[in-house]
Amino acid sequence: MKTIQKFVSLTFLIFVGCFMFSNSAVANKTSVRIEADDVVVKGSEVTIKLFVSHKGNNFIHYTDWMYVKINGEEIKRWEFGNFSKPENENFTRTLTITIEEDTEITAEANCNMHGSAGIAKKIIRVSE
């Protein structure tokens, strides 16, 4: 009887340990990469491409939101959910803005289970 109890206890501890440490080992935070021109003429329209990467995107594990800010002001936000998940693990969103001054673009996306890999940043300089 004691042998069975030890076996069950040990099995339980191994299971709990694997569960606790496997989350960080396979955690996949959603990341964003921004692609846009480095230097433009004042008044130019610029296309900004946001490349989002996240391993998973299944029923319970997916990118649940993403935003882009221009000079600190949020100009676009995408919300995702169980019935409106991103189309793939890696996906792209684009938008076009007019640049009048040096512009800082920031973007971030989030995994509903593991969080964000951090804020991506891009500076577009204006040439005269």
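Analyst: Buried means under 20% relative accessible area, exposed means over 50%, and partly exposed lies in between (1.4 Å probe, protein chains only). This is a predicted model: local features need pLDDT of at least 70, side-chain atom pairs count only at pLDDT 80 or more, and totals for chains, interfaces and linings use all residues. Residues are numbered from 1 along each chain as its sequence is written, and side-chain values use heavy atoms, leaving out hydrogens and water.

User: What does Glu74 count as at 37% relative accessibility?

Analyst: Buried stops under 20%, and exposed starts over 50%. At 37%, Glu74 falls in between, so it counts as partly exposed.

User: How many salt bridges does a search of the whole structure find?

Analyst: A salt bridge puts a side-chain nitrogen of Lys or Arg within 4 Å of a carboxyl oxygen of Asp or Glu. Searching the whole structure for salt bridges gives seven.

User: Which residue in β3 is the bridge partner of Arg33?

Analyst: Two strands pair if DSSP finds at least two bridges between them. Five bridges join β1 to β3, and the two run antiparallel. In β3, Arg33 has as its bridge partner Phe51.

Conventions: Helix = DSSP H or I, 4+ residues; strand = E, 2+ residues; numbered from the N terminus.
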